[in-house]
Amino acid sequence: MPQIAQLAETYSSQIFWLLVFFGITFFLIGRGMVPKVMGTVELRDKQIADDLAAAQAARDAADEQEEAWRARENENRAAAQALIADAKGKAAASTEERLGEAQQRIDSQIADAEASIAAARRDAMTEVETVAAEATQDILARLAGAKVDKRTARSAVKKALAQ
């Protein structure tokens with residue numbers, strides 16, 4: 001094969017050009033472009049790390065503010081509950097006082113009503129006794145022809161009513 005036969009004649013020339021192109025490539029890419037790319041990558045990594053640190057600091061600050069807000073919210077809620085309990089206590093005391101006054105008025109009215117009922121009952125019983133005594137006198141006078149005085153008729157009616 002003719003290609004293999006030429007290999008020995010062009011071998012040193014090919015190695016020379018290979019080394020020339022490899023050297024050019026090494027110096028252009030390895031010494032020129034790679035440091036710039038690595039600098040860009042390092043800058044990007046530094047920027048990402050700084051952004052993550054800033055985000056973490058912002059998150060920590062937000063967590064602290066949220067915790068402070070929750071503490072204030074709990075204090076305000078406790079104060080509101082205390083105010084509500086105080087208002088309920090005052091309202092209950094006021095209501096209890098008004099109920100006591102109303103109960104006293106009702107008790108007074110009931111006592112007055114019971115007294116007037118008792119007086120009316122006494123008056124009614126007296127009236128019933130009087131009517132019954134008169135009726136007894138009248139009935140005895142008509143049936144037996146006997147005359148009974150008011151005092152005797154009244155005592156007989158009282159005995160009959162007591163039984």
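Here is a walk through this predicted model, from its overall form down to a few side-chain contacts. Residues are numbered from 1 along each chain as its sequence is written, and side-chain values use heavy atoms, with hydrogens and water left out. Since the model is predicted, local features need pLDDT of at least 70 and side-chain atom pairs count only at pLDDT 80 or more, while totals for chains, interfaces and linings use all residues.

Let's start with the fold. The chain has 2 helices and 0 strands, where helices (H or I, at least four residues) and strands (E, at least two) are DSSP runs numbered from the N terminus. With a radius of gyration of 62 Å, well over the 15 Å that the globule rule gives for 163 residues, the chain is more spread out than a compact globule. That radius is taken over C-alpha atoms, and the rule is 2.2 Å times the number of residues to the power 0.38. Along the principal axes, the C-alpha atoms fill a box of roughly 185 × 45 × 15 Å. Helix α1 covers residues 2–143.

What about the surface? The accessible surface comes to about 14,000 Å², with 62% of it belonging to carbon and sulfur atoms. Those areas come from the Shrake-Rupley method with a 1.4 Å probe, and for residues only the protein chains shown count as cover. As for charge, there are 21 positive and 25 negative side chains, and the centres of the two sets lie 12 Å apart. Lys and Arg count as positive and Asp and Glu as negative, leaving out His and the chain ends; each charge is placed at NZ of Lys, CZ of Arg, CG of Asp or CD of Glu.

Now for the rings. The structure holds 4 aromatic pairs, meaning rings of Phe, Tyr and Trp (its six-membered ring) with centres within 6.5 Å; planes under 30 degrees apart are stacked, over 60 edge-to-face, and the rest tilted. One of them joins Phe 16 and Trp 17, edge-to-face at 5.2 Å centre to centre with 70 degrees between the planes. Phe 26 and Phe 27 also make a pair, and because their centres are 5.4 Å apart and their planes sit at 75 degrees, this pair is edge-to-face. Phe 16 and Trp 17 belong to one aromatic cluster with Phe 21. On accessibility, Phe 16 is partly exposed at 47%, as is Trp 17 at 46%. Phe 26 is partly exposed at 39%, whereas Phe 27, at 55%, counts as exposed.

Finally, the charged contacts. There are 6 salt bridges, each a side-chain nitrogen of Lys or Arg within 4 Å of a carboxyl oxygen of Asp or Glu. Among them is Lys 46 with Asp 50 at 3.1 Å, N to O; both residues lie in helix α1, 4 residues apart, about one turn of the helix. Asp 50 is partly exposed at 39%. Further along, Glu 73 and Arg 77 meet at 3.5 Å, again 4 residues apart in helix α1, with Glu 73 partly exposed at 29% and Arg 77 at 45%. Another bridge links Arg 142 and Asp 138 at 3.9 Å, also 4 residues apart in helix α1. Here Arg 142 is exposed at 70%, while Asp 138 is partly exposed at 39%.

Methods: Buried means under 20% relative accessible area, exposed over 50%, partly exposed in between (1.4 Å probe, protein chains only).
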